[in-house]
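The sequence and structure come first.

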Amino acid sequence: MAVPKRRVSHARRDKRRSNVWKMSAPELVRCPNCGEYMQAHRVCRMCGYYKGRQVFEIEES
């Protein structure tokens with residue numbers, strides 16, 4: 001059975017438990033077509049455009 005050969009130091013243990021590995025919020029960019037904020041490399045939810053062409057129609061209710 002695998003058992004640690006040496007004791008893990010406080011610094012190494014605490015570094016592992018730190019918040020360095022937390023996931024960050026997605027970066028937002030402005031849509032070149034409508035100017036709304038959106039995630040990069042995704043279709044804009046407000047206008048339906050991606051890379052200068054319309055991918056889908058937005059229904060207004």
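Val-55 is found in the segment after β4, where helices (DSSP runs of H or I, at least four residues) and strands (runs of E, at least two) are numbered from the N terminus. The strand β4 itself covers 53–54. Val-55 is partly exposed, with a relative accessible area of 46%; on this scale buried means under 20% relative accessible area, exposed means over 50%, and partly exposed lies in between, with a 1.4 Å probe and protein chains only.

Once neighbours within four places in sequence are left aside, Val-55 is in contact with Val-43, Gly-48, Tyr-49 and Tyr-50, a contact being heavy atoms within 4.5 Å.

## Basis of the values

This is a predicted model, in which local features need pLDDT of at least 70 and side-chain atom pairs count only at pLDDT 80 or more, whereas totals for chains, interfaces and linings use all residues. Residues are numbered from 1 along each chain as its sequence is written, and side-chain values use heavy atoms, with hydrogens and water left out.

## The chain as a whole

The protein chain has one helix and four strands, which follow the pattern α-β-β-β-β when read along the sequence. Its C-alpha atoms fill a box of roughly 65 × 25 × 25 Å, taken along the principal axes. The radius of gyration of the protein chain is 23 Å, while a compact globule of 61 residues would have one near 10 Å; the radius is taken over C-alpha atoms, and the globule rule is 2.2 Å times the number of residues to the power 0.38.

Of the 61 residues, 8% count as buried. The protein chain exposes about 6500 Å², of which carbon and sulfur atoms supply 52%, with areas from the Shrake-Rupley method and a 1.4 Å probe, where for residues only the protein chains shown count as cover. Among contacts between residues at least 6 apart in sequence, 0% join residues at least 24 apart.

## Positive phi angles

His-41, although not a glycine, has a positive phi of about 65°. The residue is placed in the loop between β2 (37–39) and β3 (49–50), and at 68% relative accessibility His-41 counts as exposed.

Lys-51, found in the loop between β3 and β4, has a positive phi near 55°. Lys-51 is exposed too, with a relative accessible area of 71%.

## Cysteines

A search of the whole structure finds zero disulfides, a disulfide being a pair of cysteine sulfur atoms within 2.5 Å. Cys-31 is in no disulfide, and the nearest cysteine sulfur, that of Cys-47, is 3.7 Å away. Cys-34 is likewise in no disulfide, with the sulfur of Cys-44 as the nearest cysteine sulfur, 3.6 Å away.

Cys-31 is buried, with a relative accessible area of 5%, whereas Cys-34 is partly exposed, at 36%.
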